[in-house]
Structure formats: C-alpha cells, structure tokens
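Open the model in your viewer and keep the selection tool at hand. The stops below go one selection at a time.

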Amino acid sequence: MRDSNKKFFRYLRTAALKSLSQRITSLIAEAKNLGLLRHIPQVEKRDAETVKIAGRTLFNFASNDYLGLSHHPAVLETVAKAAKELPTSSSSSRLICGDSEQLRQLETDIAELKQRESSLVFPSGYHTNIGTICALCRKGDFILSDNDNHASLIDAIRLSGATVLIFKHNDPESLEANLKKVPDEAFCLVVTESVFSTDGSVAPLPKIIEICERYGATLMLDEAHATGTLGETGRGTEEQFNLKGRCHILMGTLGKALASLGGFIAGSPELTSALTNRARSLIYSTALPPLSAVAASAAIRTLLKDPAPLEKLRKNIQLFVNEMKKRTDLDFSRKVQTPIFPIRIGDEREVIVARAKLIEKGFYTAALRYPTVPKGAAMLRISLSAVHSEESVTSLAAHISEIISEKNRLS
Ligand SMILES: Cc1ncc(COP(=O)(O)O)c(C=O)c1O
C-alpha cells in the first residue's frame, strides 16, 4: 500500500474511534441527566428466596421464578442426573446439528402443557417474538399491538415492515376501532401480552377473541408471565377463561415460571413448520442447550403433577392484597390475580430512592423506568413467588405502605 493511502486509512480509523468515544460519552451523559443510568446489580449469591448484593442478603421480590421451580427438589435432581451425560452446548443451530432428544421431548411437553398439536422452541423469548412476527408479517400487512406490549414485541413489529396500529391498553373498543381501519383483504395480526410484564394486568381475552374472530384477524398471545401462573393448573390464559384452543399463536418463555431459559410457540404443526423454514432467529442462532431443555421439561412435569407451588403462590398473592388493603388506599383487587404488582411512584429519581429504602429494610425489588415504562411513570415492580414466607410478604407490605405514606405527606 502506498504511504499516502496508509496515512489516509490511519486517519479514518482515528476519526472513527474519536466519534465512537464521543458517542459513548454522550449516551452515558444523556442517561445520567435523565436519572436513567443503569447498572447491573452485582449479585454475589442467589437461593430460592434471597439474593446477596453488596454483602447483604435481601428477600428477592424481583424475580420471575413465580413458583420457585428453579430450586424445586424434583427439578434440581433431574438436572443433576442429566448433567453427568449431556454436553454443555448445542454447538450449532437446530437446523445444522444442534437438535437433541431433550429439545424434542421439551416440545412434546410444551404442546401438552398448552394443549396444542405442536410447539417449537427458540433460544429465548426475545428470539421467539422477533422470529415469529418477522416470519409471518411483511410490508402490506397490518399488526394491531396493545400500547403496553413488551419491547421484544415492539422490536419485532418494527422489524417486520408491517403497518402498525396501536390500540389502548386492554381496551377491546379501541382494538375494534383500529380493526375497522384495516382493509378487508389484508393479513392482520393482533398481538398482546396476556399478563402484562410491568404491572401484572390481564388482557380481556374473551372479548379480544370474540372481536378477532368477527374481523377474521389472527391472534398472537404472549404468555411469558401467564404460563405457570394463570388457570386452574397453570396452563395459562386460555385455561383461566375456559377458552381452550381459541388463540391462533401462543407464545411463552421458559426463563420465568418454567425455571430455565428459552422461548416457544405452540400452535398447529403447519405453523411450527412455517416458522422452522422462515424464522431467522431460529435458523441463524445456536439452539438452546440440552440441559436447559431438561430443566424446562422437569419444571413442566412438576407444575402438572404438584399443585402445591401454585396454591402457595395464590395464598401469597391474597395475603399481599389483604395487607396492602389494610395499610394503604391502593386497590389491588383485580378480577384475575397475578403475581405482579406495580407501586407507581412517577419520578425516575424518586423510584430509585424508594427502592433503596426497601433495600435498607432487607427487600430487593425492581425499579422500572423509561423506556421500560413511559417517562414520568416510574414504578416499583413487586413480583411474588411461592417460596416467599408469610412473614416476608407481610413485612414487605408494611414497608411499602410507609414509603407511600411518606410520599403522600410530601406531595
Ligand atoms: C412479555 C414478555 N415477552 C417476552 C419476553 C422475553 O423473554 P426472554 O427473557 O426469554 O427473552 C419477556 C421477558 O422479560 C417478557 O416479559
């Protein structure tokens, strides 16, 4: 290479580095100014009920392990046995040679849990939403999305190229008003979570299904937080509302109540076959490790065999609702109860202070801020689990009510 060319390329590299460092500095400064700087909490140890952070053991009210299955003896024993024989990785995409008996067994177990003929496992719930929506929808199609849908659904919808219409959160009338705008001949996908991840509200599924059927729209339900928590046996929202088989596409995650990692679609064999051919996040990503599949299968079998964790979760939910009612004017009496409760604080900096106060008392909770929730709508997210004791639930409610009284006094 000529000297002048070398100089030119060196100049380009330095210019790129300079602009990268400027970019990084401005990203951090922007987050700091808005009170939105995030850190990964340095967790030193985690057991069924607690996390150790900065040398302190705290009751963990921030996890999605709603049934405590990630520490259930039956699940741990099955995984320990399988770990002696299984490789640590799938080492390639499912479509190359990353498939395994354990993944196929897991898909049979998911199909049974969700009462569908077929299921398909992805490396995560995020992969599942991206792969599924982008495989099914393209420019010219219409996607109707609940205003409060999860980031993985929002990103998938944007990436698909379809026209998006947002309907008001859990509002069937707004859904119907938007469906009226869709041309008759267009493919139309309605996408909603069933239990919303931020505030635990539940989609009015009977009404949504009735409207989708009337307008010939396809319904995709994200059951990330409903799987293992809703319905008599924890199968999810269709079981809760007695609507077996009425949703076209059921999506779920394995990293929450099902004690592992991964995501899935449950539906018809034609649907899973189409996704196997077209979902790029499945085709071009390493398959879930077989041991994670074993853990999820063991969790599903435990859920279906042992009703105790779900019963205990429901007792804890009722206890928390009663304690909060006794101590505050927050109304948590929902028609369908879920393990997620929002404590709405508003200001981004105040929510961090509120969380720090709870940490001081020995409780770890999640502080949700923009962009997880809208600007100025910061909240503490309380997630209950079957492993929490009555004492820790009662004591948490007491400390939250102190925070709320102080906030009311100051405002
Ligand atoms: C509603 C919802 N959908 C999808 C996901 C993504 O799942 P995963 O964590 O398995 O990627 C999440 C995770 O937080 C979620 O809450």
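This is a predicted model: local features need pLDDT of at least 70, side-chain atom pairs count only at pLDDT 80 or more; totals for chains, interfaces and linings use all residues.

Residues are numbered from 1 along each chain as its sequence is written, and side-chain values use heavy atoms, with hydrogens and water left out. Helices (H or I, at least four residues) and strands (E, at least two) are DSSP runs, numbered from the N terminus.

**Stop 1**

Select Ala54. It sits in the loop between S2 and S3. Ala54 is exposed, because its relative accessible area is 67%.

Now go to Ser91, in the loop between H2 and helix H3 (94–98). Ser91 is not a glycine, yet its phi is positive, about 65°. With 61% relative accessibility, Ser91 also counts as exposed.

**Stop 2: Glu49**

Select Glu49, in the loop between strand S1 (43–46) and strand S2 (50–53). Which side chain of opposite charge is nearest to Glu49? It is Lys312, 7.3 Å away. Here Lys and Arg count as positive and Asp and Glu as negative; His and the chain ends are not counted. Glu49 is buried and has no salt bridge. That term asks for a side-chain nitrogen of Lys or Arg within 4 Å of a carboxyl oxygen of Asp or Glu.

Look instead at Ser389. Its backbone nitrogen lies 3.2 Å from a polar atom of the Glu49 side chain.

Show the contacts of Glu49 next (heavy atoms within 4.5 Å). Leaving out residues up to four places away in sequence, Glu49 touches Leu58, Phe59, Asn60, Val387, His388, Ser389 and Ser392.

**Stop 3: helix H12**

Select residues 290–305, helix H12. The expected span of a helix is 1.5 Å times one less than its number of residues. For the 16 residues of H12 that gives 22 Å, and the end C-alpha atoms are 22 Å apart, so the two agree.

Colour H12 by accessibility. The helix is mostly covered, with 12 of its 16 residues buried. Among them are Pro290, Val294, Ile300 and Leu303. The cover over the buried residues includes helix H2 (73–83) and helix H4 (101–113).

**Stop 4: aromatic rings**

Show the rings of Phe, Tyr and Trp (its six-membered ring): they pair if their centres lie within 6.5 Å, and planes under 30 degrees apart count as stacked, over 60 as edge-to-face and the rest as tilted. The count comes to five aromatic pairs.

Phe61 and Phe363 form a tilted pair, 6.0 Å centre to centre with 45° between the planes. This pair links distant parts of the chain, 302 residues apart: Phe61 is in the loop between strand S3 (56–60) and H2, and Phe363 is in strand S12 (residues 363–364). Phe61 is buried at 0% relative accessibility. Phe363 is buried at 2%.

Move to Phe320 and Phe332. Their centres are 6.2 Å apart and their planes at 20°, so this pair is stacked. Phe320 is in helix H13 (residues 308–327), and Phe332 is in the loop between H13 and strand S11 (340–346). Both Phe320 and Phe332 are buried.

**Last stop: a cis peptide**

Select Tyr370 and Pro371. The peptide bond from Tyr370 to Pro371 is cis, with omega near 10°. Pro371 lies in the loop between strand S13 (366–368) and strand S14 (378–383).

How values were computed:
Buried means under 20% relative accessible area, exposed over 50%, partly exposed in between (1.4 Å probe, protein chains only). A polar contact is a pair of N or O atoms within 3.5 Å; within protein, one must be able to donate a hydrogen and the other to accept it, and residues adjacent in sequence count only if both atoms are side-chain atoms.
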